[in-house]
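This report covers a pocket, a nonpolar core and some aromatic pairs. Please keep the structure open while reading.

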Amino acid sequence: MEFRVWAPSARRVVLHSGTAAIPMTADGQWWTAQDPSAGHGTDYGFELDEENKVLPDPRSRWQPEGVHSRSRVYDHDQYAWSDTAWTGRQLAGSVIYELHIGTFTPSGTFDGAIERLQYLKDLGVDLIELLPVNTFNGEHNWGYDGVGWHAVQETYGGPDGLKRFVDAAHQAGLGVIIDAVYNHFGPSGAYTPQFGPYLSAGANTWGRSLNLDEPDSGEVRRFIIDSALQWLRDYHCDGLRLDAVHALVDRGATHLLEDLAAEVDALSAAAGRPLTLIAESDLNDPKLITPREAGGYGLHAQWDDDVHHALHAMLTGERQGYYGDFGSQECFKTVWESAFFHAGTWSTFRRRIHGRAVDRARIPGYRFVVCLQNHDQIGNRAIGDRLTATLSPGLLRVGATLLLTSPFTPMLFMGEEFGARTPWQFFTSHPEPALAAAVAKGRRAEFAAHGWPEGDVPDPQDPETFSRSHLDWAGLDQDMLGLYRRLIALRKSLPDLSDPRLDRVHVIHDDGVLLIRRGAHTVVANLTADPRTVPLRSECVLFATDDAVLLQSDLLTLPGESAAIL
């Protein structure tokens, strides 16, 4: 078996394979060595120069003993797939379900999540988005502190566990999206930068930035793209959610994202199934999802936080921080018809002009992934409280109705559909005491700046913080679950409700009432606590969040905090 590693500045590299120490041969910037006795299951690592320390492979596929230990050879051909009939799921018309493997089920494993696939199928979702599953330091973590970008977290079930999950999901008719983080390495166990210039001189919110356009950046770019392709090719996943792409600083003529999109499209053609790239970006720039032939990057979709902010602020009344410009019904109208609220307009939070307008006639709404709740918007609140802790049952139902009749691609956060009341809090399990203390201190300081009492902020390192964040399936609200199931079924059965053409969406608002024209259908929501009567010519009420909704003589009567589809 041949071993290869990129170490452009190394003077000497030794392969430690099993019990053998084998000097490697320089091949340009790469080093190679042969070990005929090595194969699937062999432990190995690399020693650089005279450091007398064996490091894991930057491209390791398997870290069974954790991020600080040797790598283990993993042969993808050892797994026998059962999804040969799978033809994929396109994003258009789909509903996404975001979940965290470690807290979705009591076991916190891929195999545990497999047991809930039929539940997700019955709910009506099409694509499951997994928070990052690549290797991180410790036993539990959100996943955004990942350091092994080609390996699967062992506590979740390792590489075979992920394959079993994807295989079972495909057999249930569900696609799988992986959340991939390529803008920084986690704070512990990141040995990759010791091998070469993976990092730039710059930094972002989470640490040193990646070297995407400085000397020797070509191999760094290749490292990232190969990681992305392996999730889609070797693990049969159906898409990637690319974390915080605004932190990928690339001043080259062709941005990394454009390169990646081109290679993923080529892989999609070869695989004969749709492969989707979804960017998380706070830039409000439609260039990300503009086709390459039109001068864009050619990504397939992007998260749209403006839609979340408009919904959240309107329903809750919160106006702190980045919610400051949101919350009015006019703001809701703008985002529902145009995707972005900040589109070359003033952002009070940023204190500058922000964003660029979306061409409503050319860019379909399904390219914008939107939500009422997600891991960030819940977990980055001081106590990780869900909307069930803030909103009345009536407004929770109104929010779900608005989300699932929108022209965008709706995404649910695990448990939202059954009214989960368990918090989703920020948790870590760094074994290094100094790092653990620094993370806890930083978290308290962050929220103290926003006026939260220090004692209200859970310690990320406290095991109870992790335990509290597990879904409580015993607390499932059957009425709320039934409402989500009916809404998703209506969205799939009535083409008007999934129509992504933004220039055909029309919103009217008056006196706390929203009226949204969706082709031949109309969505009406009463945001106030008092009944409202709306002149509306329609044949019948197809769906209502309250049994007291009444259509009579071209007048629709809505109880307080209710919604209907006609």
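The lining of the second largest pocket holds ten charged, seven nonpolar and four polar residues. The model is predicted. This pocket has a volume of about 430 Å³. Of its 21 lining residues, Tyr-44, Asp-57, Arg-59, Ser-60 and Arg-61 are the closest to the centre. Strand 1 (2–6), strand 6 (43–48) and helix 5 (217–233) are the elements that give two or more residues to this lining.

Next, the core. The largest nonpolar core has 149 residues. Leu-130, Trp-336 and Leu-402 touch the most other members. Helix 5 gives the most to this core, with eight residues. What is Leu-130 in contact with, leaving aside its neighbours within four places in sequence? The partners of Leu-130 are Leu-99, Ile-101, Phe-110, Leu-162, Phe-165, Val-176, Ile-177, Ile-178 and Asp-179.

The structure holds 31 aromatic pairs. Two of them are tabulated here.

| Pair | Centre to centre | Angle between planes | Type |
|---|---|---|---|
| Phe-104 and Trp-473 | 5.5 Å | 80 degrees | edge-to-face |
| Trp-142 and Tyr-144 | 6.5 Å | 75 degrees | edge-to-face |

Phe-104 sits in helix 1 (residues 101–104), and Trp-473 in the loop between helix 12 (463–468) and helix 13 (478–493), so their pair ties together parts that are 369 residues apart in sequence. Both Phe-104 and Trp-473 are buried.

Trp-142 has a relative accessible area of 4%, so Trp-142 is buried. Tyr-144, at 12%, is buried too. One aromatic cluster is formed by Trp-142, Tyr-144, Phe-413, Trp-424, Phe-426, Phe-427 and Phe-466.

Key: Residues numbered from 1 in each chain as written. Predicted model: local features only at pLDDT ≥ 70, side-chain atom pairs only at ≥ 80, totals over all residues. Heavy atoms only, no water. 1 Å grid on protein atoms, 1.4 Å probe; cavity = no way out; pocket = protein on both sides within 12 Å on 5 of 7 lines; lining within 4 Å. Points joined across faces, edges and corners; volume = space filled by probe spheres on them. Helix = DSSP H or I, 4+ residues; strand = E, 2+ residues; numbered from the N terminus. Nonpolar A, V, L, I, M, F, W, Y, C, P; charged D, E, K, R; others polar. Core = buried A, V, L, I, M, F, W, Y, C linked by side-chain atoms within 4.5 Å. Buried < 20%, exposed > 50% of the residue type's maximum accessible area, 1.4 Å probe, protein only. Contact = heavy atoms within 4.5 Å. Phe/Tyr/Trp six-rings, centres within 6.5 Å; stacked < 30°, edge-to-face > 60°.
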